[in-house]
Amino acid sequence: MHNLPNIISVSRLIISGLLFFLGEYPILFTILYLYCGLSDVFDGYLARRWKVESDLGAKLDSLGDFLFYILITVVFFIHTEVMKENVVLLFVISVFAIKLLNLIITKARFKHWGMMHTIANKLSGLLIYFMLPVYILFPLFPVIIAIIIVLIALLATIEEGLILLTAKQYNINQKSIFN
């Protein structure tokens, strides 16, 4: 029972990988897509509730987030028109480049891999999570909304980088740069 949060995290990793192949099956894709989002919240909730938080669980969660976001981006390219906008594409590439740099900084400074669970990272993740089904269901949804959401993700990623560069110790659960 104490391993259930980690099992949920691993299932999210596997199912995220499957999403790449399910773009032509919108109902199954949507169900598994929703599972990935809900499991991301549920695994952390269970770990905190049962007091079984662990470094392994935090790393699985970060890896699951990273894989899920990569696959969401690929699905955006394949199944929506929004990524054909140069500004959106530029922001997305910037987010991925800075996220990769943040991972390298984390490894170099703190000797392990991880992505921080800041409020801004969680907010941008939530917005991006809802953005995909909206643009799949409503292809003519205004592009400015996507630009704002990806800009928020870019700012969250920059904040994470600043935290990593200035922190004396690595705290995956640091809420913001102002802590």
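Modeller: Let's start with a term: a polar contact is a pair of N or O atoms within 3.5 Å, and within protein one must be able to donate a hydrogen and the other to accept it. Keep in mind that this is a predicted model.

Biologist: Fine. Which residue's side chain does D61 join in a polar contact?

Modeller: R12. The two side chains, D61 and R12, are joined by a polar contact of 2.7 Å.

Biologist: And where does D61 sit, and is it buried or exposed?

Modeller: Look along helix α3, residues 55–79, and you'll find D61 there. For burial, the cut-off is under 20% relative accessible area. D61 counts as buried because its relative accessible area is 11%.

Biologist: What else does D61 touch?

Modeller: Skip residues up to four places away in sequence, and D61 touches S9, R12, D40, D43 and H117.

Biologist: Let's follow H117, then. Where does H117 lie?

Modeller: In a loop, the one between α4 (86–110) and α5 (119–137). H117 is buried too, since its relative accessibility is 11%.

Biologist: Which side chain is joined to that of H117 by a polar contact?

Modeller: That of N173, at 3.1 Å. Beyond its neighbours within four places in sequence, H117 has contacts that include D61, S62, K122 and N173.

Biologist: Now pockets. How do I read the second largest pocket?

Modeller: Ask how much space there is, then who lines it. The second largest pocket holds about 180 Å³. Its lining includes F29, Y33, H79 and L137.

Biologist: Which helices supply at least two residues each to that lining?

Modeller: Those are α2 (26–49), α3 and α5. The largest share, 4 residues, is from α2.

Biologist: How many nonpolar, polar and charged residues are in the lining?

Modeller: You get 7 nonpolar and 3 polar residues, with no charged ones.

How values were computed. Residues numbered from 1 in each chain as written. Predicted model: local features only at pLDDT ≥ 70, side-chain atom pairs only at ≥ 80, totals over all residues. Heavy atoms only, no water. Buried < 20%, exposed > 50% of the residue type's maximum accessible area, 1.4 Å probe, protein only. Contact = heavy atoms within 4.5 Å. 1 Å grid on protein atoms, 1.4 Å probe; cavity = no way out; pocket = protein on both sides within 12 Å on 5 of 7 lines; lining within 4 Å. Points joined across faces, edges and corners; volume = space filled by probe spheres on them. Nonpolar A, V, L, I, M, F, W, Y, C, P; charged D, E, K, R; others polar.
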